[in-house]
Amino acid sequence: MAANKKLLILPGDGIGPEVMRQVRRVIDWMDRRRSVTFDVQEGLVGGSAIDQHGVPLSDETMADAMGVDAVLLGAVGGPKWDQMSFDKRPEAGLLRLRKEMELFANLRPALVFDALVDASTLKPDIVRGLDLMIVRELTGGVYFGEPRGIEDLANGERRGVNTQVYTTSEIRRVARVAFELARKRSRKVHSVEKANVMESGLLWRQEVTKLHQEEYSDVELQHMYADNCAMQLIKAPKQFDVIVTDNLFGDMLSDEAAMMTGSLGMLPSASLGAETGGKRRALYEPVHGSAPDIAGRDLANPIATLLSFAMMLRYSFDMHEDAGTIERAIENVLNGGMRTADIMGPGMARCSTGVMGDSILRELDKLSA
Ligand code: IPM
Ligand code: MG
């Protein structure tokens, strides 16, 4: 029997706890049925950590995150904590996890389930069969660049500053992840920046080109400006396979790609660090936020978080079969017409978070009977 797999679950704020509850049910289901068991610790992050400990991520929870095989996070943030300074806001907890765990590569797949083709705001033909992967740089760029801050000027004005900055090694390591992924997919990478106006974008283009020539000439590489990419994603998303881009553009383009799948409630993500000694630090989280407007009402779509858990099984534990079973269970439930409010369509059966969880568990039972 394999050694227990150590997980840290950080439900966070808003709908985080209620969607994570459905993951716990799947973990319990797996524990009951399989030769694998998970050692699950829970912790606080974001607003819930601020309320309890006065900080968005305590040193203890940070240490726990460093000690486990994988972290699964719900969502952070909410209006209650919106007035706090950047270093004390809920988001700072998530950014600290990303930074200290050195999770430089954020994988955000956008996959359109056949059953949800009509839930997309785009025409069915444009999105049917869409399967693309955004690789977002996650520990650099304008999110972390110095100097930053808001200062008072002598003339009574104020000045806000952020710095967009990238180094060779930061660009190369995330580009490498994209090229490697492309080799397992359709061998096509779009590298996205604004090399026409930004030095950091120009450097990005040069370094990606160099790495491509040195090691990945079997992969097709195209460069694209970020604004054009935003447009092309809406116009003809199926031209893309793997998109690699910086932290800020990746944040925006992944929300855009998410909507093609019908709802932000469908999109999982994996944030990966460097591989050392056969292990790599990893955090999995849905792309959606804490959705305070619907929190606590059993309305949220738990699928993005369940798919994030499936990504964890795949990328951290090589449990491809189990990941596939969960993905298939979700697909079957969608094919059966079950819909949370965000993906509701004509003639479908509207259900709550909990009932979506029930249906997926029932499907898991069927698939493994
Ligand atoms: C995301 C979110 C975060 C980000 C926020 C919550 C800090 O939008 O993961 O896409 O901007 O990276
Ligand atoms: Mg975002």
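Modeller: Two strands count as paired if DSSP finds at least two bridges between them. The model discussed here is predicted.

Biologist: How many bridges join strand β6 to strand β7?

Modeller: β6 covers residues 149–152 and β7 covers residues 158–161. Pairing needs at least two bridges. The two strands run antiparallel, and the number of bridges joining them is 4.

Biologist: In the hairpin of β6 and β7, which residue takes a positive phi?

Modeller: The hairpin has 5 residues between the strands. A phi near 90° is found there, and the residue that takes it is G156.

Biologist: Are helices α6 and α7 roughly parallel or oblique?

Modeller: α6 spans residues 168–183 and α7 spans residues 199–215, and they pack at an angle of about 50° with axes 9 Å apart. Angles under 35 degrees count as roughly parallel, and 65 to 115 as roughly perpendicular. The angle of α6 to α7 therefore makes the arrangement oblique.

Biologist: How many charged residues are in the contact of α6 with α7?

Modeller: α6 passes α7 in a right-handed crossing. The contact includes R172, R176 and R183 of α6, and E207, K210, E214 and E215 of α7. By class there are 8 nonpolar residues and 2 polar ones, and the number of charged residues is 7.

Biologist: What is the handedness of the crossing where α1 passes α10?

Modeller: α1 (residues 16–33) and α10 (residues 303–315) pack at about 45°, with their axes 9 Å apart. These helices are therefore oblique to each other. The crossing of α1 past α10 is right-handed.

Biologist: How many nonpolar residues are in the contact of α1 with α10?

Modeller: α1 contributes V19, M20, Q22, V23, V26, I27 and M30, while α10 contributes T305, L306, F309 and L313. The contact has no charged residues and 2 polar ones, and the nonpolar count is 9.

Biologist: How far apart do the C-alpha centres of domain 1 and domain 2 lie?

Modeller: The domain assignment gives domain 1 as 1–109 + 264–369 and domain 2 as 121–261. In the contact between them, 17 residues of domain 1 meet 20 residues of domain 2. The C-alpha centres of the two domains are separated by 24 Å.

Notes: Residues numbered from 1 in each chain as written. Chains lettered and ligands numbered in written order. Predicted model: local features only at pLDDT ≥ 70, side-chain atom pairs only at ≥ 80, totals over all residues. Heavy atoms only, no water. Axes fitted to C-alpha atoms, helices over the stretch in contact; angles between N-to-C directions. Parallel < 35°, antiparallel > 145°, perpendicular 65-115°, else oblique. Left-handed = near helix turned anticlockwise from the far one by under 90°. Contact = heavy atoms within 4.5 Å. Nonpolar A, V, L, I, M, F, W, Y, C, P; charged D, E, K, R; others polar. Domains from an automatic or database assignment.
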